[in-house]
Amino acid sequence: MDLSLTPEEQAFREEVRAFFRDNVPAGIKKKLSENRHTTKEDMVEWTRILHKKGWAVPHWPKEFGGTEWTAVQQYIFNEEMQATPAPPPLPFGVNMVGPVIYTFANEAQKKHYLPRIANLTDWWCQGFSEPGSGSDLASLKTKAERKGDKYIVNGQKTWTTLAQHADWIFCLVRTDPAAKKQQGISFLLIDMKSKGITVRPIVTIDGGREVNEVFFDDVEVPAENLVGEENKGWDYAKFLLGNERTNIARVGMSKERLRRLRELAGSTQAGGRPILDDPKFREKLAAVEVELKALELTQMRVVANEGKNGKGKPDPASSVLKIKGSEIQQTLTELMLEVAGPFASPYDIHGDDNTNETMDWIAQIAPTYFNYRKVSIYGGSNEIQRNIISKAVLGL
Amino acid sequence: MDFDLSEEQRLLKDSVDGLLNDSYDFEQRKKYGAEKIGWSKAVWGKLAEQGLLGLPFAEADGGFGAGAVETMIVMQAFGRALVLEPYLPTVVIAGGFLRHGGSAAQKAAHIPGIIDGSKTFAFAQLEKNSRYDLSDVSTTAKKKGDGWVIDGEKFVVLNGEAADTLVVTARTKGGQTERDGIGVFLVPRTAKGVTVKGYPTQDGMRAADITFTGVEVGADAALGDPANGLPLIERVVDEARTALCAEAVGAMDESLKITVEYIKTRKQFGVPIGSFQALQHRAADMFVFTEQARSMAMLATMASDFNDAKERAASVAAAKVQVGKSSKFVGQQSIQLHGGIGMTMEASIGHYFKRLSIIESTFGDTDYHLRRASEAGGII
């Protein structure tokens, strides 16, 4: 047993850290530190910087632009990226549909789509959830009927993150209405410019527009946009969701938030002294630090195992990462709110696009607290994670 | 970054597990606990035979030169079986004092007896008012000729009745809570002026309150610097805390296993109660708490190699916080999921709960270590 990194891994960390330090545009870094949303232009700019360095899709196979890093190197990369902070690459392309395409799609699809994902020529969004299909994803109803060389798609997707920017959507659609739930589902790639698609924003409690409803009304999709085999889409979806759980702990990000929390608590006065000097606050801080340290170690254990057992199989312990990772992220937003106190109340009338340097850091604290209730809901709610543990680990 | 055991460490684990499988089921444990000293000399002999009592000692002293990971392996296995034998006070604590602070003569006098199983030790540290503060010592050691005279009272001394030698913390100078002036002394339990009042503990072991009245010992009784022994005490107690964290993880592992087994078999309303989601989610939370505790027990174990003493202490404090919280949750919920049967002395689960509860308040509880971690300026 050994916690330390090898000299090569340490050198790698230095290299990655220096790259992030020197290459993340200052405006983007500031937005992330203050929990503001980045724009589409920000994401494109940053992805191109990563792509130029050859680090846009490090976990992909080498032939499609991957780096062949070890699990530990990948972990270091993610940690440093979050800690800088730098924006994580848009997950819908890089982590979700990309791996599905290089694993299950045909050669023509690989050749066409993968390079466009890697440099963010195409902005992808995810068409899985439906109004009636949340945690029970396999109950989805959006249907695709084969007519000649086309599918005709009708239905509705929801919670579609950043669909307003999207060029493409990957969808789970029902192609065999007679088949049992999980069977009869296919994985279809749909151009967002297609006739019959309507995107309607869902405004979340923080006032932000991250998610949307996407309506499909007799949308014609070329049959060649099917990934893999018809009615095998559930297998590809399971593969995709398994990948989604890795790196969900967000330890690096929480460390960055913790640093910021300490900074803010150190500069905010209460009762004639910084809040940071209040013993009760300090103990709350120490308590979340202990949780975060434990999570970091648990994540390292999962990563070290992954390196040994080969990739592809999600470790059931990754459910621990999701549960604790989301709880810690939420606790940190709660403590931020506590530090802001009565000054958390004024609403940020300038919105996300505000670039006013004098804007107080405090404006985003309450919205972030509200917004972060999502982290224990998305990616398989924490209750679903407990189901996974009780079935896959405990055999209940 | 590597969390696997080495080949030798795996062999060690197999051998401890094997020994306990053969000779330490719940019924056997009851018999050992019923012996007058509260544990089994026969089992202790087996531990010696397998070399477990000599693990951490240097090869030059007759040991195996093993490290903190080996102690973790042993303590986890002991936690799973709720072992009663005095490994912690003898090998971990007294052994730690001898290894880190003992003179060549002291090592030669005491280590062979530990390794061959002929001698056990006890750590007489806790006082009426000291609670978890290691620097709060009112027992005194006064110089007399070349030797020392010890006066004071110590409480809840684990293995205090059976131990051959007591490791006693005593003040050689200064006020009750001063960091300076604390010494560590090796005192034969049968020395004149030592009064031992033994009793059973809540978790099935035996401890004693011990009074020292004008106890005279020689110059060779002082271990390390009698004027400045606190850093040594802190180091050894941190090792004891680390060992307790590992023991707790073993006890949590077994509690979860027993509980899951129980809810799979216990039927109500015509189905196993483990088919109810309320219980499944509780069990899943027990798993999460156990894994987080395991991670921190590993951190504390590996921290023994950290160069920075402050970082080492903060890591152990953080581990004790997590293990304390996890112990409480896993212990309490084990009883809850068992229902009425969990309340009975007859079922093993309650004994795990009791041991976990006592570990939480040994050498500093969760609040104490949270304060310690906080005062260290954070651990991230």
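1. Secondary structure of chain A. In this predicted model, chain A comprises 12 helices and 10 strands.

2. Overall dimensions of chain A. Taken along the principal axes, the C-alpha atoms of chain A fill a box of roughly 75 × 50 × 50 Å. The radius of gyration of chain A is 22 Å, which agrees with the value near 21 Å that a compact globule of 396 residues would have.

3. Domains of chain A. The domain assignment divides chain A into domain 1 (7-89), domain 2 (124-231) and domain 3 (245-393). Between domain 2 and domain 3 of chain A, the C-alpha centres are 31 Å apart. The contact between these two domains involves 6 residues of domain 2 and 5 residues of domain 3 of chain A. On the domain 2 side, the touching residues comprise 1 nonpolar, 4 polar and 1 charged.

4. Contact between the chains. Chain B contributes 31 residues to its contact with chain A, and chain A contributes 32. On the chain B side, the elements giving two or more residues are H7, H8, helix H9 (309-338) and helix H11 (366-375). Of these, H8(B) gives the most, with 13 residues. By class, the side of chain B that touches chain A has 19 nonpolar, 8 polar and 4 charged residues.

5. Packing of H7 and H8 in chain B. The crossing of H7(B) and H8(B) is left-handed.

6. Residues at the helix pair. From H7(B), the contact draws on B:Thr242, B:Cys245, B:Ala246, B:Ala248, B:Val249, B:Met252, B:Asp253, B:Leu256, B:Thr259, B:Val260 and B:Ile263. H8(B) supplies B:Leu279, B:Ala283, B:Met286, B:Phe287, B:Thr290, B:Ala293, B:Arg294, B:Met296, B:Ala297, B:Ala300 and B:Thr301. This contact of H7(B) with H8(B) has 16 nonpolar, 4 polar and 2 charged residues. Among the residues involved are B:Asp253 of H7(B) and B:Arg294 of H8(B), and both Asp and Arg count as charged.

Notes. Residues numbered from 1 in each chain as written. Chains lettered and ligands numbered in written order. Predicted model: local features only at pLDDT ≥ 70, side-chain atom pairs only at ≥ 80, totals over all residues. Left-handed = near helix turned anticlockwise from the far one by under 90°. Helix = DSSP H or I, 4+ residues; strand = E, 2+ residues; numbered from the N terminus. Contact = placed C-beta atoms within 7 Å. Domains from an automatic or database assignment. Rg over C-alpha atoms; globule rule 2.2 N^0.38 Å.
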